[in-house]
Amino acid sequence: MSYPGTIAELLKTEYPLIQGGMAWVADAKLAAAVSSAGGLGVIAAGNAPVAWVKAQLDMLLSPYADEVAALAEAEHVPVIITGAGNPSAYIKRWKAAGSLVGPVVASRSLAKLMERAGADFIIAEGTEAGGHIGELASSVL
């Protein structure tokens with residue numbers, strides 16, 4: 001059963017669930033298992049070199065960000081989730097390649113910026129998600 005009019009419909013998943021992008025944990029095996037179970041599996045690139053991302057295939061915020069962004073564009077990755085940063089420089093290219101883009105945001109101002117940049121959806125993430133971004137709790141966001 002799918003949920004019409006929800007994030008599940010947008011992402012073409014059975015359930016409105018998105019796996020967290022945990023660096024060095026969210027690999028192809030975990031993403032495949034989550035996707036097979038009806039959610040959206042995510043492969044986290046974290047600080048991985050482009051060769052690892054090519055083998056695993058996904059996304060952002062590392063010294064390799066430009067290379068990984070270009071790879072995602074070239075490979076026409078269907079859904080790109082970014083974290084802990086501002087992916088504005090890449091969003092138009094990704095969307096032109098047919099990708100849906102969902103940045104993780106830690107503030108209202110970044111959410112509005114991502115909306116203006118063309119993001120398809122946002123993921124509000126507060127400090128309780130490991131303290132990696134922002135100082136606000138997700139409930140406030």
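Reader: What makes T13 count as buried?

Author: In this predicted model, T13 has a relative accessibility of 11%, and buried means under 20% relative accessible area, with exposed over 50% and partly exposed in between (1.4 Å probe, protein chains only), so T13 counts as buried. Residues are numbered from 1 along each chain as its sequence is written, side-chain values use heavy atoms, without hydrogens and water. Local features need pLDDT of at least 70 and side-chain atom pairs count only at pLDDT 80 or more, while totals for chains, interfaces and linings use all residues.

Reader: What does the side chain of T13 reach?

Author: T13, found in the loop between α1 (7-11) and α2 (28-36), reaches the backbone oxygen of Y15 with its side chain at 2.7 Å. Helices (H or I, at least four residues) and strands (E, at least two) are DSSP runs, numbered from the N terminus.

Reader: Why is the aromatic pair of Y90 and W94 called stacked?

Author: Rings of Phe, Tyr and Trp (its six-membered ring) pair if their centres lie within 6.5 Å, and planes under 30 degrees apart count as stacked, over 60 as edge-to-face and the rest as tilted. For Y90 and W94 the values are 5.4 Å centre to centre and 25° between the planes, so the pair is stacked. Y90 and W94 are four residues apart in helix α5 (residues 88-96), and are therefore separated by about one helical turn.

Reader: How do you know that β1 and β2 pair, and in which sense?

Author: Two strands pair if DSSP finds at least two bridges between them; β1 and β2 (residues 100-105) have four bridges, in the parallel sense, so they pair.

Technical notes. A polar contact is a pair of N or O atoms within 3.5 Å; within protein, one must be able to donate a hydrogen and the other to accept it, and residues adjacent in sequence count only if both atoms are side-chain atoms.
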